[in-house]
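Colleague: I would like to go through this model feature by feature. Could you give the general idea each time, and then the case at hand?

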Amino acid sequence: MFQNPDDAVLKEILSKSRRIAVVGLSNKPERDSYRVARYMKERGYEIIPVNPMIHEALGERAYPELRTIPHPVDVVNVFRRAEEVPEIIEAVLQLNFQPVIWLQLGVVHQEAAEKARARGLTVVMDRCLMLEHRRLLGDSC
């Protein structure tokens, strides 16, 4: 059964990561993906929107797919439905780097998470990046 990393690992991820690809980032301020990404950007993280339906969000160029991002990222933060997670994890496994996969609150796919972990990736599932940042690092970074 899948188990999230403990608080020490989460704190290390949040402390050392600087570049976050947000899969499913909306350019609509009322959406959770926008609020979470804005919060992280305001705390110094570089946000890379991944959404084929938009050209930019939060003043950052959007990319249609993970593989089209021209540089490595530290975290892939996923704001998509659970049934889309296996395809996203497959895309991550094809990259030339190994980011942390962070599935947002309410996004759960046990089998895909286990597959990623078996390939050496760190996976956080059903947790909000913003809430964990606030809880573990306070409101600043």
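Colleague: Which residue forms a salt bridge with Arg19?

Modeller: The general idea is that side chains of opposite charge can pair when their charged atoms come close. In this predicted model, Arg19 pairs with Glu46, and their closest N and O atoms are 3.0 Å apart. The pair links distant parts of the chain, with Arg19 in strand S1 and Glu46 in strand S2 (residues 46-50), 27 residues apart.

Colleague: How many salt bridges does the rule give in total?

Modeller: The count comes to 14 salt bridges. One of them joins the side chains of Lys16 and Glu12, at 3.2 Å from N to O.

Colleague: Where do Lys16 and Glu12 lie?

Modeller: Start with the helix geometry. An α-helix has 3.6 residues a turn, so residues three or four places apart point the same way. Lys16 and Glu12 are both in helix H1 (residues 7-16), four residues apart, which is about one turn of the helix. Lys16 counts as exposed, at 61% relative accessibility, whereas Glu12 counts as partly exposed, at 43%.

Colleague: What separates Arg135 and Glu132 along their helix?

Modeller: Three residues, about one turn, and both lie in helix H5 (residues 129-137). Arg135 is partly exposed, with a relative accessible area of 44%, but Glu132 is buried, at 9%. Salt bridges with shared partners join Asp7, Arg127, Glu132 and Arg135 into one network.

Colleague: At what angle do the axes of H1 and H5 cross?

Modeller: To read a helix pair, take the distance and crossing angle of the axes, then the residues that meet. The axes of H1 and H5 come within 10 Å and cross at roughly 105 degrees. That makes H1 roughly perpendicular to H5, because the class runs from 65 to 115 degrees. On the H1 side the contact has Asp7, Leu10, Lys11, Leu14 and Ser15, and these meet Leu129, Glu132, His133, Arg135, Leu136 and Leu137 in H5. By class, the contact of H1 with H5 has five nonpolar, two polar and four charged residues.

Colleague: And how are H2 and H5 placed, parallel or oblique to each other?

Modeller: The axes of H2 and H5 come within 9 Å and cross at roughly 40 degrees. H2 and H5 are therefore oblique to each other. Arg35, Val36, Tyr39 and Met40 of H2 make the contact with Leu129, Met130, His133 and Arg134 of H5. The residues of this contact divide into five nonpolar, one polar and two charged.

Colleague: Which residues does Arg35 touch, leaving out those up to four places away in sequence?

Modeller: Arg35 touches Pro29, Glu30 and Met130 on that basis. Arg35 lies in helix H2 (residues 32-42) and is partly exposed, with a relative accessible area of 34%. From Arg35 to Leu25 the C-alpha distance is 9.5 Å, at a separation of 10 residues in sequence.

Colleague: Which residues of H3 are buried?

Modeller: In helix H3 (residues 85-93), the buried residues are Val85, Ile88, Ile89, Val92 and Leu93. They cover an arc of only 140 degrees around the axis, which puts them on the same side of H3. These buried residues pack against strand S1 (19-23), strand S5 (75-78), strand S6 (100-103) and helix H4 (110-118).

Colleague: Last, the backbone. What is the phi of Leu58?

Modeller: Most residues other than glycine have a negative phi. Leu58 has a positive phi, near 55 degrees. Leu58 lies in the loop between strand S3 (56-57) and strand S4 (60-61) and is buried, with a relative accessible area of 15%.

Colleague: Where does Asp126 lie?

Modeller: Asp126 is in the loop between strand S7 (123-124) and H5. Its phi is also positive, about 60 degrees, although Asp126 is not a glycine. At 34% relative accessibility, Asp126 counts as partly exposed.

Definitions and conventions:
Residues are numbered from 1 along each chain as its sequence is written. This is a predicted model: local features need pLDDT of at least 70, side-chain atom pairs count only at pLDDT 80 or more; totals for chains, interfaces and linings use all residues. Side-chain values use heavy atoms; hydrogens and water are left out. Buried means under 20% relative accessible area, exposed over 50%, partly exposed in between (1.4 Å probe, protein chains only). Helices (H or I, at least four residues) and strands (E, at least two) are DSSP runs, numbered from the N terminus. The arc is that of the directions from the helix axis to the C-beta atoms. Contact means heavy atoms within 4.5 Å. A salt bridge is a side-chain nitrogen of Lys or Arg within 4 Å of a carboxyl oxygen of Asp or Glu. Axes are lines fitted to C-alpha atoms, for helices over the stretch in contact, and angles run from 0 to 180 degrees between N-to-C directions. Angles under 35 degrees count as roughly parallel, over 145 as roughly antiparallel, 65 to 115 as roughly perpendicular and the rest as oblique. Ala, Val, Leu, Ile, Met, Phe, Trp, Tyr, Cys and Pro count as nonpolar, Asp, Glu, Lys and Arg as charged, and the others, Gly among them, as polar.
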